[in-house]
Amino acid sequence: MRLNRIGLVACVLLSGSAWSATPAPLTSQPVQSVESQKQSLKIQAEQWGLRADEYQRYQQLLKGPRGIQSPGLDPLTILGIEAENDAERRRYAEQWVKAEFARAEKELRFQRAVDAAWQRLFPDMLPVNMAKSREANGRLALFVKANDCPACDTRLAEVLAVNQPVDIYLVDSQGNDNLLRQWANAHHIPVERVRHRQITLNHDAGYWFRFGQGVMPVLLRQGEQGWHITS
């Protein structure tokens with residue numbers, strides 16, 4: 001009787017070993033993974049109004065020279081730059097304009113809410129602009145530094161004296177709103193002109209590097225052909 005029990009235990013152990021040594025079927029896992037990747041690709045593509053294959057091409061372009069030459073560009077811009085014909089380039093350009101218009105509308109609505117909040121909460125403090133100057137056609141854009149730039153102060157005084165709408169970008173503010181306000185107060189930026197958006201105060205987000213051609217200070221004007229340095 002004891003031998004029978006031992007034999008039964010051995011049989012169970014051997015059976016368990018045999019089952020554990022047999023790998024579970026994995027046929028469903030790759031299918032789920034592929035389907036998940038396809039779904040993720042489709043969702044990302046739809047966010048930009050693209051097909052999945054177009055978004056996949058954008059990802060491939062990021063792995064090549066374009067990804068190194070132009071890091072951080074959005075899918076529509078990269079696909080437009082690398083378009084294979086005029087029709088394709090035009091379609092991406094129109095999609096980019098529509099996306100940019102929607103983005104600008106959202107930011108302007110929020111900026112108006114921020115302006116109203118400034119008036120309610122801190123009516124005597126100089127507000128910092130959050131909108132980008134390219135949203136206002138024909139405006140001037142002045143790029144200056146807060147530190148070690150006497151020429152910047154001279155150029156600022158000249159621009160303020162002209163009394164034209166201008167978006168002022170502080171290149172070395174490092175996103176610090178307090179530093180930007182302190183600089184504005186120290187340079188006597190007219191508060192009323194800021195409140196009426198004749199003047200806006202901005203942190204530079206790479207525009208000076210992109211459009212300023214290394215000149216400091218530099219004054220740009222936006223025209224039909226884009227930004228250009230003005231005298």
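In the predicted model, isoleucine 168 has leucine 201 of strand β3 as its bridge partner. This pairing belongs to the contact between strand β2, which covers residues 166-170, and β3, the two strands running parallel and being joined by five bridges. Strand β3 itself spans residues 199-203 and is mostly covered, four of its five residues being buried. The chain that holds these strands has 231 residues, of which 32% count as buried, and its secondary structure amounts to 10 helices and five strands. Among the contacts with a separation of 6 or more, 64% are made by residues 24 or more positions apart in the chain.

Serine 173 is found in the loop between β2 and α8 and is buried, its relative accessible area being 2%. A polar atom of the serine 173 side chain lies 3.2 Å from the backbone oxygen of leucine 170, and, when neighbours within four places in sequence are left aside, serine 173 is in contact with Leu179 and His203. Although serine 173 and asparagine 202 are 29 residues apart in sequence, their C-alpha atoms are 9.0 Å apart in space. On the β3 side, aspartate 204 occupies the loop between β3 and α10 (207-211), where its side chain reaches the backbone nitrogen of tryptophan 208 at 3.2 Å. With neighbours within four places in sequence again set aside, the contacts of aspartate 204 are Phe143, Tyr169, Leu170 and Val171.

Helix α8, formed by residues 177-186, has Leu180, Arg181, Trp183 and Ala184 as its buried residues. Seen down the axis of α8, these buried residues fall within an arc of 160°, and they therefore line one face of the helix. The exposed residues Gln182 and Ala186 are carried on the face of α8 that is turned away from the buried side. At the start of α8, the backbone nitrogen of asparagine 178 is approached to within 3.0 Å by a side-chain oxygen of asparagine 176, while just after the helix histidine 188 takes a positive phi of about 55°.

The structure holds one disulfide, which joins cysteine 149 to cysteine 152 with an S to S distance of 2.0 Å. The link between cysteine 149 and cysteine 152 is right-handed, with 70° about the S-S bond. Both partners count as buried because their relative accessibilities, 12% for cysteine 149 and 1% for cysteine 152, are under 20%.

The charged side chains were considered last. Side chains of opposite charge can pair when their charged atoms come close, and in this model the count comes to nine salt bridges. One of them links glutamate 158 to arginine 155, the closest N and O atoms being 3.1 Å apart. Glutamate 158 and arginine 155 both lie in helix α7 (residues 150-162), where they are three residues apart, about one turn of the helix; at 41% relative accessibility, glutamate 158 counts as partly exposed. Another salt bridge is formed by arginine 89 and aspartate 86, whose closest N and O atoms are 2.8 Å apart. Because arginine 89 and aspartate 86 are three residues apart in helix α6 (residues 86-121), about one helical turn separates them. An α-helix has 3.6 residues a turn, so residues three or four places apart point the same way. The two partners fall into separate accessibility classes, arginine 89 being partly exposed at 34% and aspartate 86 exposed with a relative accessible area of 62%.

A further salt bridge joins glutamate 54 to arginine 51, with 3.8 Å between the closest N and O atoms. Glutamate 54 counts as buried at 4% relative accessibility, whereas arginine 51 is partly exposed, with a relative accessible area of 47%. Glutamate 54 and arginine 51 also belong to a network of salt bridges that links Arg51, Asp53, Glu54 and Arg91.

How values were computed:
Residues are numbered from 1 along each chain as its sequence is written. This is a predicted model: local features need pLDDT of at least 70, side-chain atom pairs count only at pLDDT 80 or more; totals for chains, interfaces and linings use all residues. Side-chain values use heavy atoms; hydrogens and water are left out. A salt bridge is a side-chain nitrogen of Lys or Arg within 4 Å of a carboxyl oxygen of Asp or Glu. Buried means under 20% relative accessible area, exposed over 50%, partly exposed in between (1.4 Å probe, protein chains only). Two strands pair if DSSP finds at least two bridges between them. A disulfide is a pair of cysteine sulfur atoms within 2.5 Å. The arc is that of the directions from the helix axis to the C-beta atoms. A polar contact is a pair of N or O atoms within 3.5 Å; within protein, one must be able to donate a hydrogen and the other to accept it, and residues adjacent in sequence count only if both atoms are side-chain atoms. Contact means heavy atoms within 4.5 Å.
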